[in-house]
Amino acid sequence: MIKELTVTGSYFDAGYQIGNFGKKEIKQLFQKNRKIFENILNKKKSQIKRTWKFIQKKSPHLLEKLQGIAAGAKISSDHVFLRNFPEITGSHGGCTTVVIKNKKEFFIAHNEDENNSLTNDNFALIQFNLKNGLRYSSFVLMGELPNNTFSWNAAGIFCCVDATVPFAPNNLSYFPRYFEAALLIEQTSLENAVQFLKKGGNCSGFHYLLADTLNKKVVSVEKSGKTTSVKKLNNFFCHTNHHVHNKFSNKYTNKENFGTSKKRLAACENLLNKNDEQEQVIKILTTKLKRPFIGNDSSKTFATVVCDINRISIKIFSDDKSVILRQCGSLL
């Protein structure tokens, strides 16, 4: 069963409510990483300070949210910051996203995969009703910023993300990718969202699948540093955890560690292209395997989301097959 929470007020208030709500799980998770975080704080103090100052100058409200989480959970704000700075901690996730458009349907399906040492209690579907008027919902790993998984906002923008294998060393001069993603869900149109990604940079890379559900437009955006590639999607498309746009994919040397990403992409393209009805796709993605298409994997699927472009609706499936229904745009 997926936990749900609504937070209100300022960014700090929202963070505090999240930290207090998930206090037990956040403390347990951060205790597991305490030695790692303290070691990084000692060895990379100057870089952490530079990145903090960059964010403080560009988007201080996100730091307020993190400080609220720390205060609510009664843990170190430095550790919360590091949890949201995966480029410096070396953490890397992996998910699967598919877009299907056929004669009857037009929808996005995304599996949110994380380390199988986590439990369902580490996650919550959070609705943000902030005092500045911003309204959005996000599936959140407690302690992390929103939109590092999948989210949608009151403007009808749906977003899900896939981490990508880098083809070059991280450039820590820009936003950590979790901060960029959190800023992205605050954009109020697809055009604004794409322009936001084009004009800024992130420290590593991400794949963003963005949909304007009100105008039935979907784009795939791959990002690496300050370079952005945008593809308009009008038919079948699948993405796992490496760059597939030509602007980036031809820069790989094939010496990179792709893990299971290429294997999962091939299986996804082969299987879902042939079984493209929504019910079939949901059945495949909510498999009892730890992660779709892979039998022995260190990651587990914690939620499957389907954004139905034609119906402007959201369905979220948990591992017990329970379903949460929402309307993209209304948040209700």
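Cys 160 is buried, at 0% relative accessibility; buried means under 20% relative accessible area, exposed over 50% and partly exposed in between, for a 1.4 Å probe and protein chains only. The closest cysteine sulfur to that of Cys 160 belongs to Cys 159 and is 6.4 Å away, too far for a bond. Cys 203 is also buried, with a relative accessible area of 2%. Its sulfur is 18 Å from the closest cysteine sulfur, in Cys 159, again too far for a bond.

The model is predicted: local features need pLDDT of at least 70, and side-chain atom pairs count only at pLDDT 80 or more, whereas totals for chains, interfaces and linings use all residues. Residues are numbered from 1 along each chain as its sequence is written, and side-chain values use heavy atoms, leaving out hydrogens and water.

## The disulfide

A disulfide is a covalent bond between the sulfur atoms of two cysteines; here the criterion is a pair of cysteine sulfur atoms within 2.5 Å. A search of the whole structure finds one. It joins Cys 238 to Cys 268, with an S to S distance of 2.0 Å. The link is right-handed, with 105° about the S-S bond.

Cys 238 lies in strand 11 (residues 237–239) and Cys 268 in helix 11 (residues 261–272), so the bond ties together parts that are 30 residues apart in sequence. Helices (H or I, at least four residues) and strands (E, at least two) are DSSP runs numbered from the N terminus. Cys 238 is buried at 4% relative accessible area, and Cys 268 is buried at 0%.

## Two packed helices

Helix 2 (residues 23–32) and helix 5 (residues 60–73) pack at about 100°, with their axes 9 Å apart. Axes are lines fitted to C-alpha atoms, for helices over the stretch in contact, and angles run from 0 to 180 degrees between N-to-C directions. Helix 2 and helix 5 are therefore roughly perpendicular, a term for angles of 65 to 115 degrees; those under 35 count as roughly parallel, those over 145 as roughly antiparallel and the rest as oblique.

In this contact (heavy atoms within 4.5 Å), Lys 23, Ile 26 and Lys 27 of helix 2 meet Ile 69, Gly 72 and Ala 73 of helix 5.

Eight strands form an open sheet in the order 1-4-5-6-7-8-9-10, with mixed pairing; two strands pair if DSSP finds at least two bridges between them. Strand 1 (3–9) and strand 10 (227–232) are the edge strands, each pairing on one side only.
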